[in-house]
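Please look over the sequence and the structure shown below. The paragraphs after it go through the fold step by step.

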Amino acid sequence: MKIQERTGAGAGRTAAPAGPSVGDRLPTPPRERKPALAALAVLLILVGALGATMLVLQAGDRIEVVKITEEIPAGQSVDGSNTTSVMVAEDPGIHYVKWSQLDALKKLKAVTTIPAGVVAVGEMFGSEAKVPEGKALVGVSLKEGQYPAGLKNGVTVAAYRVGGTSRSGSGDDGDGGSAGSGGGNSVIVEKALVNYVQEKGGDELVSSSNLPVTLLVDEAQATALTQAASNGEVALVLVPGN
């Protein structure tokens, strides 16, 4: 009897329905694709790449312009020795002088003194120089020995009266006293700026051995300097500070 009861109990357990195995999973619905979002992402990537490319192209949009390598006094022009070419970023708001315009620029004059190391712009040049208020440009013609070696534009000199004698009280003419008030070997101008000096070998020296020089001086000193220059009594000396 005991054997039959146990067998019946075991048979009841086997007859119970078997549950799902651990490895089985419920089926999931297929993932929904969104082609619009994918297209938008691709479009954003393309727009970003295009923007970066445009920035690089703009940064590389450069032009060749004129740069001043040596100081150009007012009234003087550029030439092959005082200019060079540089590349700069193009800017419509700045009137750069392009390197291709150098020949045309040589026909114009600096309206004021242009320092070395600057990039040339159109406003620096014109048909004539502008003499600063209270100043005057005086031309002198100097013989050998009346000017220092290596005299060039932009240096500061002192102008002396040499070789003349005082005409104070001579009475020969109405302004004799003022013309010779300093006597021989006296200072006419303590500080004058060399605005222009003719290079040796230039056309102006073909018929003359004298050196033409233009000095920028105070207006009050122009008369005395002009009188001494007309008599060939001017000598230039470099002063400290050059």
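This is a predicted model: local features need pLDDT of at least 70, side-chain atom pairs count only at pLDDT 80 or more; totals for chains, interfaces and linings use all residues.

Residues are numbered from 1 along each chain as its sequence is written, and side-chain values use heavy atoms, with hydrogens and water left out.

The chain contains 5 helices and 9 strands. Helices (H or I, at least four residues) and strands (E, at least two) are DSSP runs, numbered from the N terminus. Their order along the sequence is α-α-β-β-α-β-β-β-β-α-β-β-α-β. Of the 242 residues, 29% are buried; buried means under 20% relative accessible area, exposed over 50%, and partly exposed in between (1.4 Å probe, protein chains only). Among contacts (heavy atoms within 4.5 Å) with a separation of 6 or more, 67% are between residues 24 or more positions apart.

Now to the sheet. An open sheet is built from 5 strands in the order E5-E8-E7-E6-E9, with antiparallel pairing. Two strands count as paired if DSSP finds at least two bridges between them. E5 and E9 are at the edges with a single partner strand each, so one side of each has no neighbour in the sheet. Strand E7 covers residues 186-197 and includes Ser 186. Ser 186 is buried, at 12% relative accessible area, and its contacts beyond four places in sequence are Ala 159, Tyr 160 and Arg 161.

Which residues have the most contacts inside the largest nonpolar core? They are Leu 151, Val 213, Leu 215, Leu 225, Val 234 and Leu 236, in a core of 24 residues. A nonpolar core is a set of buried Ala, Val, Leu, Ile, Met, Phe, Trp, Tyr and Cys residues joined through side-chain atoms within 4.5 Å. At least two residues of this core come from each of E5, E6, E7, E8, helix H5 and E9, and E7 gives the most, with 5 residues. A second, separate core has 13 residues, including Ile 68, Ile 72, Val 97 and Ile 114. In soluble globular proteins, nonpolar side chains tend to be buried together.

Helix H5 lies across E5, E6, E7, E8 and E9. Its buried residues include Leu 225 and Ala 228. Leu 225 also touches Leu 215, a residue whose other contacts include Val 140, Val 157 and Leu 236.

The whole structure has 3 salt bridges, a salt bridge being a side-chain nitrogen of Lys or Arg within 4 Å of a carboxyl oxygen of Asp or Glu. Lys 135 forms one with Asp 218, the closest N and O atoms being 2.6 Å apart. Lys 135 belongs to strand E5 and Asp 218 to strand E8, so this pair ties together parts 83 residues apart in sequence. Arg 161 and Glu 233 form another, at 3.9 Å from N to O. Arg 161 is in strand E6 and Glu 233 is in the loop between H5 and E9, so this pair ties together parts 72 residues apart in sequence. Both Arg 161 and Glu 233 are buried. Lys 106 and Asp 103 also meet in a salt bridge, at 4.0 Å from N to O. Here Lys 106 is partly exposed, at 36% relative accessible area, and Asp 103 is exposed, at 59%.

Key: Axes are lines fitted to C-alpha atoms, for helices over the stretch in contact, and angles run from 0 to 180 degrees between N-to-C directions.
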